[in-house]
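I opened my notebook for a friendly first look at this structure. Here is what I looked up, entry by entry.

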Amino acid sequence: MKLNWGTGIVIAIIGFIGFIMYFVITMSTGKNYNHDLVSDKYYQKELEYQNSINATKNAKALKENIKVEKTAKGLNIHFPTEFNPKEISGKVFLYRPSNKQLDFEIPISLSNTYLLVPENRLLGGRWNITVSWKHKNKDYLYQKELIY
């Protein structure tokens with residue numbers, strides 16, 4: 001049996017499609033590959049998105065917003081001095097894009113105008129910090145990317 005050009009091209013295309021299908025099926029069903037979303041509660045967070053937009057607007061309307069600075073002891077998060085620190089509540093969430101196991105959350109309980117995130121909890125690299133706080137029933141949200 002002799003093959004002509006047309007038959008060879010059709011066999012090559014079918015072989016290529018077969019290889020691609022094998023590759024896609026192997027990658028999507030393999031247990032070695034991680035297919036996580038950014039957040040486990042992705043759709044629930046989407047419903048709360050308008051609240052975070054309003055809280056971000058409230059934070060930007062302040063005369064003095066949160067300041068984050070790197071020190072030898074860790075990460076200092078300075079809250080506005082116009083507010084009483086004992087009336088501030090909320091949480092600080094540090095998200096590590098490269099490793100989900102390094103993410104952590106700290107509740108806000110202040111005696112001074114700043115909160116210290118200990119240096120031993122932070123590895124060098126990129127972090128996303130989200131400070132969600134409340135003062136006198138008004139929500140505020142501060143988000144920033146930082147390199148530690």
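## Entry 1

I began with E64, which counts as partly exposed because its relative accessibility is 23%. I kept in mind that this is a predicted model. The side chain of E64 meets that of K67 in a salt bridge, at 3.6 Å from N to O. I then checked K67, which is partly exposed too, since its relative accessible area is 48%. In general, side chains of opposite charge can pair when their charged atoms come close.

I asked myself how many salt bridges the structure holds.

I looked at E105 next and found a salt bridge with K91, where the closest N and O atoms are 3.8 Å apart. This pair links distant parts of the chain: E105 belongs to strand β4 (residues 104–108) and K91 to strand β3 (residues 88–95), 14 residues apart. E105 has a relative accessible area of 45%, so I noted it as partly exposed. K91 is partly exposed as well, with 38%.

Then I turned to E145 and R126, whose side chains meet in a salt bridge at 3.0 Å, N to O. E145 is in strand β7 (residues 138–147) and R126 is in strand β6, so this pair ties together parts that are 19 residues apart in sequence. Is E145 buried or exposed? It counts as exposed, because its relative accessibility is 55%. R126 is partly exposed, with a relative accessible area of 35%.

## Entry 1: A buried histidine

I stayed with strand β6, which covers residues 126–135 and includes H135. I wanted to know why H135 counts as buried. The cut-off for buried is under 20% relative accessible area, and H135 counts as buried because its relative accessibility is 7%. Which residues does H135 touch, if those up to four places away in sequence are not counted? I wrote down F83, N84, E87, I88 and Y140.

## Entry 2: An open sheet of three strands

Next I traced a sheet. Three strands form it in the order β1-β2-β5, and the sheet is open, with antiparallel pairing. I marked β1 (67–70) and β5 (114–118) as the edge strands, as each of them pairs on one side only. On average, neighbouring strands of this sheet are turned by 20° against each other, direction ignored.

I looked more closely at one pairing. Strand β2, residues 74–78, pairs with β5 over five bridges in the antiparallel sense. Here I found I77 standing opposite L115 of β5.

Walking along β5, I saw its side chains alternate. L115 and V117 point to one face and are buried.

## Entry 3: A nonpolar patch

I found a patch of about 1,300 Å², with W5, I9, I13 and F16 among the residues that make it. Also included are I17, F19, I20, M21, Y22, F23, V24 and I25. I picked out I25 and placed it in helix α1, which spans residues 5–29. I25 counts as partly exposed because its relative accessibility is 48%.

Notes: Residues numbered from 1 in each chain as written. Predicted model: local features only at pLDDT ≥ 70, side-chain atom pairs only at ≥ 80, totals over all residues. Heavy atoms only, no water. Pairing = 2+ DSSP bridges. Helix = DSSP H or I, 4+ residues; strand = E, 2+ residues; numbered from the N terminus. Axes fitted to C-alpha atoms, helices over the stretch in contact; angles between N-to-C directions. Buried < 20%, exposed > 50% of the residue type's maximum accessible area, 1.4 Å probe, protein only. Contact = heavy atoms within 4.5 Å. Salt bridge = Lys/Arg side-chain N within 4 Å of Asp/Glu carboxyl O. Patch = residues over 30% accessible without salt bridge, like charges linked within 9 Å, V, L, I, M, F, W, Y side chains within 5 Å. Areas by Shrake-Rupley, 256 points an atom, 1.4 Å probe, with all protein chains shown as cover.
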